[in-house]
Amino acid sequence: MAMASSLFFSTPIPTKLISKQKPFSYHSSNTLLPQLTHKPLRSLVVSSAAAIEAETQTSSSNSSPLKSLPFRVGHGFDLHRLEPGYPLIIGGINIPHDRGCEAHSDGDVLLHCVVDAILGALGLPDIGQIFPDTDPKWKGAPSSVFMEEAVRLMHEAGYELGNLDATLILQRPKVSPHKESIRANLCKLLGADPSVVNLKAKTHEKVDSLGENRSIAAHTVVLLMKK
């Protein structure tokens, strides 16, 4: 034991300075979205994208550039409360129901999570940062506007959709009568062949808010391929 102790204390412990790199982050302040109030909605989205790109370039100026990967994977999730007096819009299709999504925009839970999946795959801020629900310009906005912008950013980064797999979670109404209409509109918004876009729907077995018809949720996974 004495020999072991002697060896332990006589052995120098190497030390070196550890440089602390400032974590990379996106700012959620309104610098991402300029205060424009008198332009058409489409031009506002384009202006917002330009601001996001400028912010990204500024934030990453001191870090290594992103690798040009052959493919990127992104996951999106969204959930909204269901309340009487609102339309239920899923994938851009108005679904007859006694309640709909309470949200700042049109509350399209499927399109919202698809947008987040694409943005996530590209390493960009999420939908709430780009189109904040505190901004009155997005009040009641159709989610197709958000999809247009996500697809534009995807192509601008040099990627195209490899495939998409989405799952809707709701107790009511039944999605099966509207499934093909939803999928067809999703393909149209993505500019994708139906063979690479999959849509599933599940109940929540009457468990918690989803199973009690008080909310609706969706998950989406996307694979983006380098052009």
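Guide: Buried here means under 20% relative accessible area, exposed means over 50%, and partly exposed is in between (1.4 Å probe, protein chains only). This is a predicted model, with residues numbered from 1 along each chain as its sequence is written. Local features need pLDDT of at least 70, side-chain atom pairs count only at pLDDT 80 or more, totals for chains, interfaces and linings use all residues, and side-chain values use heavy atoms, with hydrogens and water left out.

Visitor: Glu102, what does that count as?

Guide: Partly exposed, because the relative accessibility of Glu102 is 29%.

Visitor: And which residue does Glu102 form a salt bridge with?

Guide: Arg81, with the closest N and O atoms 2.8 Å apart. A salt bridge is a side-chain nitrogen of Lys or Arg within 4 Å of a carboxyl oxygen of Asp or Glu. Glu102 lies in the loop between β4 and α3 and Arg81 in strand β1 (residues 71-83), so the pair ties together parts 21 residues apart in sequence. Helices (H or I, at least four residues) and strands (E, at least two) are DSSP runs, numbered from the N terminus.

Visitor: How many salt bridges does the structure hold?

Guide: Eight. Another joins the side chains of Arg214 and Glu212, at 2.8 Å from N to O. Salt bridges with shared partners also link Arg81, Glu83 and Glu102 into one network.

Visitor: Switching to Gly107: buried or exposed?

Guide: Gly107 counts as buried, at 0% relative accessibility.

Visitor: What does Gly107 touch?

Guide: Leaving out residues up to four places away in sequence, Gly107 touches His80, Ile89, Cys101 and His112. Contact means heavy atoms within 4.5 Å.
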